[in-house]
Amino acid sequence: LFSIDHADLSVSNICNDPDSKLATLLHGLPHALLLANQNEELQIIVPAQRVEQPLIKSAPFCTELVVVHQDPNWAENLERPYYMYPIHVSSTFVSSPTLAEALYLTVLRFLHRDYDLSLIHI
């Protein structure tokens with residue numbers, strides 16, 4: 001599957017090992033896709049949707065996230081409907097080109113209770 005907005009990127013299935021460094025980068029991003037170009041340079045694309053933690057009485061500290069698709073107030077304040085995070089060649093970290101992308105990734109990591117990774121982006 002190729003991206004319409006980014007002709008050189010396609011959906012990648014390179015991350016098959018759940019214990020790999022790359023899987024760690026995707027941990028806590030349930031609505032993310034891994035994209036790659038012809039040189040196998042990887043990027044994570046995440047829709048810029050509002051997320052919430054569901055209230056589960058039997059598991060009050062769960063890390064599940066629910067994506068809220070229909071929030072007109074959220075959507076009208078976005079510059080674009082998605083965020084792209086280039087992955088370093090070592091597959092050990094992602095970069096955040098803009099402040100909005102860095103803050104969104106920080107919030108997602110924080111809501112997933114992955115505090116070490118969330119502090120990296122601040």
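Let's start with the surface: Leu1, Val11 and Leu33 form a nonpolar patch there, with about 310 Å² of accessible area together. A patch here takes residues with over 30% relative accessible area and no salt bridge, joining nonpolar side chains (Val, Leu, Ile, Met, Phe, Trp, Tyr) within 5 Å and like charges within 9 Å. The salt bridge in that rule is a side-chain nitrogen of Lys or Arg within 4 Å of a carboxyl oxygen of Asp or Glu. Areas come from the Shrake-Rupley method with a 1.4 Å probe, and for residues only the protein chains shown count as cover.

Before going on, a word on provenance: this is a predicted model, where local features need pLDDT of at least 70 and side-chain atom pairs count only at pLDDT 80 or more, while totals for chains, interfaces and linings use all residues. Residues are numbered from 1 along each chain as its sequence is written, and side-chain values use heavy atoms, leaving out hydrogens and water.

Back to Leu1, then. Leu1 sits in the segment before β1 (10–11), and its relative accessible area of 80% makes Leu1 exposed. For that scale, buried is under 20% relative accessible area, exposed is over 50%, and partly exposed is in between (1.4 Å probe, protein chains only).

Now, the overall fold. We have four helices and six strands in the protein chain, in the order β-α-β-β-β-β-α-β-α-α along the sequence. Helices (H or I, at least four residues) and strands (E, at least two) are DSSP runs, numbered from the N terminus.

What about overall dimensions? The C-alpha trace spans about 45 × 35 × 25 Å along its principal axes. Of the 122 residues, 35% count as buried. The chain exposes about 8200 Å², and carbon and sulfur atoms supply 57% of that.

How many aromatic pairs does the structure hold? There are two. Rings of Phe, Tyr and Trp (its six-membered ring) pair if their centres lie within 6.5 Å; planes under 30 degrees apart are stacked, over 60 edge-to-face, and the rest tilted. Trp74 and Tyr104 make a tilted pair, at 6.5 Å centre to centre and 55 degrees between the planes. Trp74 belongs to helix α2 (residues 72–76) and Tyr104 to helix α3 (residues 99–111), so this pair ties together parts 30 residues apart in sequence. Trp74 is partly exposed at 30% relative accessibility, whereas Tyr104 is buried at 7%.

Tyr104 also pairs with Tyr83: the ring centres are 5.3 Å apart and the planes at 55 degrees, so that pair is tilted. Because Tyr83 lies in strand β6 (residues 82–86) and Tyr104 in helix α3, parts 21 residues apart in sequence are tied together. Tyr83 is buried, with a relative accessible area of 9%. Put together, Trp74, Tyr83 and Tyr104 form one aromatic cluster.

Last stop, Arg80, in the loop between α2 and β6. Is Arg80 buried or partly exposed? Its relative accessible area is 35%, so Arg80 is partly exposed. Leaving aside neighbours within four places in sequence, Arg80 is in contact (heavy atoms within 4.5 Å) with Ala48 and Glu101.
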